[in-house]
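Biologist: Could you show me the model and then take my questions on its backbone and burial?

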Amino acid sequence: MSNYHIKHLEEYYQVYRKSVRNPGAFWEEIAEEHFLWRKKWDNVLQWDFSKPEVKWFEGAQLNITENCIDRHLTTRGNKTAILFEPNNPKELAEHITYNQLHKRVNQFANVLKAQGIKKGDRVCIYLPMIPELAISVLACARIGAIHSVVFAGFSATALATRINDSDCKMLLTSDGSYRGAKTIDLKDIVDEALEHCPGVTRVLVTKRIHATINMVSGRDQWLQPLLDKASNICEAEIMNAEDPLFILYTSGSTGKPKGMVHTMAGYMVYTAYTFKNIFQYRENDVYWCTADIGWITGHSYIVYGPLINGATTLMFEGVPSYPDYGRFWDIVQKHKVNQFYTAPTAIRALAKQGAELVEKYDLSSLKVLGSVGEPINEEAWHWYNDNVGKKNSPIVDTWWQTETGGIMISPIPYVTPTKPTYATLPFIGIQPTLMDSHGAELKGNQVEGRLCIKFPWPSMARTIWGNHQRYKDTYFSTYKNQYFTGDGALRDEVGYYRITGRVDDVIIVSGHNLGTAPIEDAINEHPAVSESAIVGFPHTIKGSALYGYVTLKDTGESRDQDNVRKEINQIISEHIGPIAKLDKIQFTSGLPKTRSGKIMRRILRKIAHKDTSNLGDTSTLLNPEVVQDIMDNAL
Ligand code: WTA
């Protein structure tokens, strides 16, 4: 019997040891017993971090949707697979059973096929959090098309960049979306993006808000009539273990977003196994992850992980503040949610509203609380533990990344004793290391360094779409034979990990990773701007917010600075999305630069943190005089 469900700490240690002593044999056992394969693998693991190349379960054949849906039909056909809670609490929730999901995914898959989509084609999905989003993801997987979901809060420019980077042929969208009291004209954004995407020849539009929209003839079609005509039987395409399942973009510290490529078998095995253990999911539980499917958390822990385990996964269309800040708790009460998984930024925003809004609701169904996306601060951890969990529901602070596909460091609830702000222990099969600045591994406990992983795990991204060299440079070149995460971490006296945050130029704002370079590029498009630099600074709700240092061109005219600030944020919204807007914009006479012309962000970061007592070595600066000027005018 494999150790699919871990129930106590001793067992965790025993299984962990087994998983690192002989990883191949360990994962083989898990894979054998808990998944549906069309053909078993010839070789469980082949890897070489210097290339880098990682292959799990090579030779195996499968279709992940048969694991998510078909194999549950005999035992769970009438069980709710997706529980959809609409934006408007007055609108009825929708229970989509496994039987219904099967029909709807197959129908959608047949529509895709009829529109000429084949195995290996890329399909961009730009949809709000409505059932069609999950269904279209699965429909792509059914026929072997590679889905690339773009978060529906991204702007037209950001959408176009992602579509073109992976040569998507088709786009799936809706006539608009609801977001609290507002509606958003998604289709307008799509139309604008597609002006720059000649490769997209077909657009299928789902009706959600019933808005009158522009339909481009020959390109755009309403989805529903096509579904109505389609058969609800669609043979699953048989896929190889290492065929790509999806591309998902994440920000890098420089350059354009990175299209992380995840493949079939390893991703399936690892997301399923982590889901089962980290949420201690039991039959008949109702599990809710508040993320958007546009992010990796939604891919792995709203869609794939839960469905592979035959779970009921709740999908929420709305926002935590609508109709008021009690909405999350209202949903927990209404659907008797057992596992609740959210982000520290949401916890902080809700904590600010006071505990009364939580106390109004019956949250006694809750058994596990999760956190993801950024370090959770001590205050938020306690608020969550005391007010939501009533000190009865363990908090799983789960550390992982778009690149890792699944949760890497996390407590197992009711198994691992928790410690505020600590993600605690590596999950089964995960071998983290901490490296010092000279590239040596820090052994033992009570050390702090840069977090790496020294052995492959099944759900790691295999490459960056179209740019394997960048994959190698970003993740496998900083430290020899190690996957470098870009995060700093410390290991305490018992071996628990605490993630201290990014050590590169990625800034996490409200749980969203933002690279500084694309934002600076956007700012520099403003005709009055000569140059700019962005850093993060602490923010009580968002975790970090953005501070921009902007030098204006010396044109002799005086400018209305408030107006320029507004215009800069407008440009950022258009290029990236409203999430990337700057909280503070300081106009400077120049930016501190090294003699080689590099902006010294370290200094700018300290000024933004109001930590100027020791700016470190400024002797290498080309223009040390600007530092005083920036400090004097800091916001
Ligand atoms: C950060 C989200 C501390 C980290 C799944 C990582 C965290 C980046 C945690 C990846 C956590 C995520 N504690 N930091 N529990 N979870 N992070 O790709 O910096 O959107 O590298 O994946 O978020 O963000 P991504």
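This is a predicted model: local features need pLDDT of at least 70, side-chain atom pairs count only at pLDDT 80 or more; totals for chains, interfaces and linings use all residues.

Modeller: Residues are numbered from 1 along each chain as its sequence is written, and side-chain values use heavy atoms, with hydrogens and water left out.

Biologist: How many residues of α10 are buried?

Modeller: Helices (H or I, at least four residues) and strands (E, at least two) are DSSP runs numbered from the N terminus, and α10 covers residues 264–278. Buried means under 20% relative accessible area, exposed over 50%, and partly exposed in between, with a 1.4 Å probe and protein chains only. The helix α10 is largely enclosed by the rest of the structure, because the buried count is 15 of the 15 residues.

Biologist: Is glutamine 280 buried or exposed?

Modeller: Glutamine 280 lies in the loop between α10 and β16 (286–289), and its phi near 45° is a positive value in a residue other than glycine. Since its relative accessibility is 7%, glutamine 280 counts as buried.

Biologist: Is lysine 336 buried or exposed?

Modeller: Lysine 336 sits in the loop between α12 and β18 (339–342), with a positive phi near 50° although the residue is not glycine. Because its relative accessibility is 57%, lysine 336 counts as exposed.

Biologist: What is omega for the cis peptide bond from tyrosine 322 to proline 323?

Modeller: Proline 323 belongs to the loop between β17 (312–316) and α12 (327–335). The cis bond that joins tyrosine 322 to proline 323 has omega near -5°.

Terms used
The expected span of a helix is 1.5 Å times one less than its number of residues.
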